Amino acid sequence: MAGRARLSLSHTVLLSLTLLSERVSYRCVSRRFRLEKGNIHRIFFSFCERVNTLEEKLIRWPDGRDAPEVLFPLSKDTELGKEEQGIPQVLGVLGFTRIPIRLPIGKHDAERAEPEVKRMKKEAHPDSWLNLELVCDCKGRFLYCSISKGSDVDRGGAVRNKLTQHPELMPPNSCLVARTGYRLTAQILTPYTKSHGAREELFNKTLEAHFHLLDQAVSTLTARFQRLKYLDIGNYDRAKAVVTTACVLHNVFLDMGEVVQGDVEKEEVMSQEEEDEEEEEEEGVRRRDEIADFLFKKRGL
């Protein structure tokens, strides 16, 4: 076991997938593969670095040729005549989740970490988790992935900047949908939050029907890669590399037809105070109202 061990590609992949998919210690994996812990650590992060180089290829925003296959109706009422009515199709669902990690100043006991996760999200230092922001399509495949420190509170900022700089990324008459907490824009539709009537309720229910797609995709990600339930890593860059690896492999397994069903947890919703502070762009307000009017009239309400 001594020395700088070298593994075959197949064993490297098996070792790395074991660490990602099971909540096992390096010591356990060391015994299983008969390697020193230091070698296990080196091999695993080398694997992650290699997979990270595939991110742009495998987590890819659909281009003009692929977009028609990705788009899906905003509502069952708009499946026919959607273009004539100006009702957008949905390119993807935007949302986020949090991945608990260990702060550099202290090492958590990996065996005790699981029961503490929910408490950590509410009480711990914000950098004791990573923000994982995603856009998924109707099949749960990730089209976009952004990872930031827990202290980064600019939710959706990277996506908005991306779409502002490259408006061609959104096919004509299309949109993203997101839960409350994201800024309403012409490209990102969010629910009504203030006092509203039947028209607004109908619109909110129409959007809500899509949010389960992201919830299911995240549950599939964490069910397959159990290590994401708590990353016992105190280095931000390395923790980010592990999460990116899991997201890339999520798409790989979906493309192979390998699906793992996890327990769906609803994405966190911001407090009312935070909601009220979120801006709404004028063009987004106009577009949302037009769509809400159409859906309301279509139902004959």
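**Reasoning about helix packing, burial and phi**

Mentor: Residues 24 or more positions apart provide 72% of the contacts in the chain that have a separation of 6 or more. The model under discussion is predicted. The chain has 12 helices and 6 strands, and buried residues account for 50% of its 301 residues.

Trainee: Why are H2 and H3 called roughly perpendicular to each other?

Mentor: The axes of H2 and H3 are 9 Å apart and the helices pack at an angle of about 95°. Angles from 65 to 115 degrees count as roughly perpendicular, and H2 and H3 are therefore roughly perpendicular to each other.

Trainee: Which residues make the contact of H2 with H3?

Mentor: From H2, Tyr26, Arg27, Val29 and Ser30 meet Lys37, Ile40, His41, Phe44 and Phe45 of H3. These residues divide into 5 nonpolar, 2 polar and 2 charged.

Trainee: Why are H3 and H10 described as oblique to each other?

Mentor: Helix H3 covers residues 37-52 and helix H10 covers residues 236-255; their axes come within 9 Å and cross at roughly 60°. Roughly parallel requires an angle under 35 degrees, and roughly perpendicular begins at 65. H3 and H10 are therefore oblique to each other. Their crossing is left-handed.

Trainee: What makes up the contact of H3 with H10?

Mentor: His41, Phe44, Phe45, Phe47, Cys48, Val51 and Asn52 in H3 meet residues of H10, namely Arg238, Ala241, Val242, Thr244, Thr245, Val248 and Leu249.

Trainee: Why does valine 243 count as buried?

Mentor: Valine 243 is placed in helix H10. Its relative accessibility is 0%, and the limit for buried is under 20%; valine 243 therefore counts as buried.

Trainee: Which residues are in contact with valine 243, leaving aside its neighbours within four places in sequence?

Mentor: They are Ile99, Leu130, Leu132, Ile147, Leu228 and Leu231. Between valine 243 and leucine 132, the C-alpha to C-alpha distance is 8.3 Å, although they are 111 residues apart in sequence.

Trainee: How do you know that threonine 18 counts as buried?

Mentor: Threonine 18, in helix H1 (residues 9-21), has 6% relative accessibility. Buried means under 20%, so threonine 18 counts as buried. Apart from its neighbours within four places in sequence, threonine 18 is in contact with Val24, Val29, Arg32 and Phe33. Threonine 18 and glutamine 226 are 208 residues apart in sequence, with their C-alpha atoms 9.8 Å apart in space.

Trainee: Why is the pair of tryptophan 61 and tyrosine 144 called edge-to-face?

Mentor: A search of the whole structure finds 4 aromatic pairs. In the pair of tryptophan 61 and tyrosine 144, the ring centres are 6.3 Å apart and the planes stand at 80°. Rings pair if their centres lie within 6.5 Å, and planes over 60 degrees apart count as edge-to-face. The pair is therefore edge-to-face.

Trainee: What makes this a link between distant parts of the chain?

Mentor: Tryptophan 61 is in the loop between helix H4 (55-58) and helix H5 (67-70), whereas tyrosine 144 is in strand E4 (residues 142-149); they are 83 residues apart. Tryptophan 61 and tyrosine 144 are both buried.

Trainee: What makes the phi of arginine 34 worth a remark?

Mentor: Most residues other than glycine have a negative phi. Phi of arginine 34 is near 55°, a positive value in a residue other than glycine. Arginine 34 is located in the loop between helix H2 (26-33) and H3.

Trainee: Why is arginine 34 called exposed?

Mentor: Its relative accessible area is 67%. Exposed means over 50%, so arginine 34 is exposed.

Trainee: Why does asparagine 173 count as partly exposed?

Mentor: Asparagine 173 has a relative accessibility of 27%. Buried would require a value under 20% and exposed one over 50%, so asparagine 173 counts as partly exposed. Asparagine 173 lies in the loop between helix H8 (157-165) and strand E5 (174-178). Its phi is near 60°, a positive value in a residue other than glycine.

Terms used:
Residues numbered from 1 in each chain as written. Predicted model: local features only at pLDDT ≥ 70, side-chain atom pairs only at ≥ 80, totals over all residues. Heavy atoms only, no water. Axes fitted to C-alpha atoms, helices over the stretch in contact; angles between N-to-C directions. Helix = DSSP H or I, 4+ residues; strand = E, 2+ residues; numbered from the N terminus. Parallel < 35°, antiparallel > 145°, perpendicular 65-115°, else oblique. Left-handed = near helix turned anticlockwise from the far one by under 90°. Contact = heavy atoms within 4.5 Å. Phe/Tyr/Trp six-rings, centres within 6.5 Å; stacked < 30°, edge-to-face > 60°. Buried < 20%, exposed > 50% of the residue type's maximum accessible area, 1.4 Å probe, protein only. Nonpolar A, V, L, I, M, F, W, Y, C, P; charged D, E, K, R; others polar.
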